[in-house]
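Please keep the structure at hand while reading.

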Amino acid sequence: MSEVFESEVSTAIQAVVAASVICRSVQKTIADDAMEKKDRSPVTVADFASQAVICRALREVFPNDPIVGEEDSKELRTAENAPFRARILKEIQATGVEASEKEVLSWIDFGNHDGSADRFWTLDPIDGTKGFLRKEQFAVSLALIVDGTIQVAALACPNLQTRDTWDNAQGVVLSAVRGQGARMTPLDLLDVTPHTTQVSAIKSPLEARLCESVESGHTAHGWSGNVREQLGTTAEAVRIDSQAKYAVVAQGDAEVYLRLPTRKDYQEKIWDHAGGVLVVEESGGTVTDIDGKPLDFSQGSTLKNNRGVVVTNGLLHDDVLKAIAAAEE
Ligand SMILES: Nc1ncnc2c1ncn2[C@@H]1O[C@H](COP(=O)(O)O)[C@@H](OP(=O)(O)O)[C@H]1O
Ligand SMILES: [Mg+2]
Ligand SMILES: [Mg+2]
Ligand SMILES: [Mg+2]
């Protein structure tokens with residue numbers, strides 16, 4: 001019997017939707033406006049605001065649950081970043097939430113857990129920050145992990161227009177509880193009856209539609225080209241930022257999402273995958289690493305026991321793993 005997790009999934013959906021509203025508004029007005037983190041990757045006002053409001057919402061309902069979030073407030077607290085802090089506060093207040101700067105910083109840091117607990121949430125407040133800055137795809141991804149197993153997921157893709165989207169509404173939120181299937185609703189119409197998502201039924205490798213990251217630093221584009229050759233598919237891989245790729249596979253618009261390592265020492269972060277993985281699995285798909293091993297979410301904040309990530313509709317999984325091995329550069 002799967003557990004129900006009713007309050008967890010509804011809280012998670014509401015939280016990612018509230019954060020998405022902030023992100024969309026910032027994305028419309030933002031120039032090329034990011035702070036650089038220690039690893040030189042970008043972070044925006046919206047990444048911090050999103051993490052703050054989601055952590056606050058989780059803390060209210062589940063005060064004992066630790067949160068493993070991507071961001072922390074350390075660099076934000078410096079004197080030179082005072083204007084950045086003020087803008088984060090302004091964006092949060094604009095949604096009607098009463099807050100002080102001090103509170104916002106403390107909400108962000110609710111997300112500082114290392115993932116060593118039996119039960120914890122993992123949060124990517126904006127996944128695909130580079131896509132966000134290009135005004136393209138991004139996602140807000142939240143998942144609950146219990147004893148190393150992802151049990152609940154909410155994945156908002158505020159700019160994703162799917163085949164299935166109601167009246168061409170832009171933006172969807174996908175959610176899943178393990179054992180209960182995955183659902184999708186328009187981001188702005190949460191009251192409509194959700195659609196159940198289901199991966200594609202395509203079995204022939206020749207017909208496989210692939211997607212991959214836009215960023216050549218995040219996935220090996222050349223290697224995936226060779227994989228397509230091995231499979232015999234002629235279609236170009238579609239490049240999409242963020243966990244929107246998981247959403248695309250979950251609802252049957254692509255059969256395969258490849259994340260092929262560009263270097264040996266990179267460990268995938270759990271928040272870059274947990275939400276998307278459960279949504280795909282509960283839509284009938286399969287997710288492993290490039291060696292066919294299940295992703296191991298019991299190792300803290302990274303997937304240190306895995307190499308890369310392979311997402312398929314399940315039917316094509318073995319063919320894709322073989323092609324990856326045969327095409328390894
Ligand atoms: N060398 C690398 N290999 C794989 N992923 C990487 C990477 N360096 C950074 N990333 C991750 O790639 C994510 C974006 O994935 P994608 O390219 O599919 O949109 C980033 O998430 P953030 O944007 O949340 O920081 C970041 O965590
Ligand atoms: Mg980042
Ligand atoms: Mg990310
Ligand atoms: Mg992020």
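The sections below take up the sheet, its helices and a loop residue in a predicted model.

## The sheet

The sheet is open and contains five strands, which follow one another in the order β11-β10-β12-β14-β13 with mixed pairing. At its edges lie β11, covering residues 238-239, and β13, covering residues 286-288, each of which pairs on one side only.

Strand β12, made of residues 256-259, runs antiparallel to strand β14, made of residues 309-312, and four bridges join the two. Within this pair, V256 has T312 of β14 standing opposite.

## Helices on the sheet

Helix α9, which spans residues 317-327, packs on the sheet and touches β12, β13 and β14, while its direction makes an angle of about 145° with that of β14. Helix α6, spanning residues 221-231, lies across β12 and β10, the latter being residues 210-212, and runs at about 175° to β10.

## A loop residue, S200

S200 belongs to the loop that connects β9, residues 195-196, with β10. Leaving aside residues up to four places away in sequence, S200 touches G252, E255 and N313.

Is S200 buried or exposed? Because 24 other C-beta atoms lie within 10 Å, and 20 or more are needed for the term, S200 counts as buried.

Terms used:
Residues are numbered from 1 along each chain as its sequence is written. Chains are lettered from A and ligands numbered from 1 in the order in which they are written. This is a predicted model: local features need pLDDT of at least 70, side-chain atom pairs count only at pLDDT 80 or more; totals for chains, interfaces and linings use all residues. Two strands pair if DSSP finds at least two bridges between them. Two residues are in contact if their C-beta atoms, placed from the backbone, lie within 7 Å. Axes are lines fitted to C-alpha atoms, for helices over the stretch in contact, and angles run from 0 to 180 degrees between N-to-C directions. A residue is buried if 20 or more other C-beta atoms lie within 10 Å of its own, exposed if 12 or fewer, and partly exposed in between; C-beta atoms are placed from the backbone.
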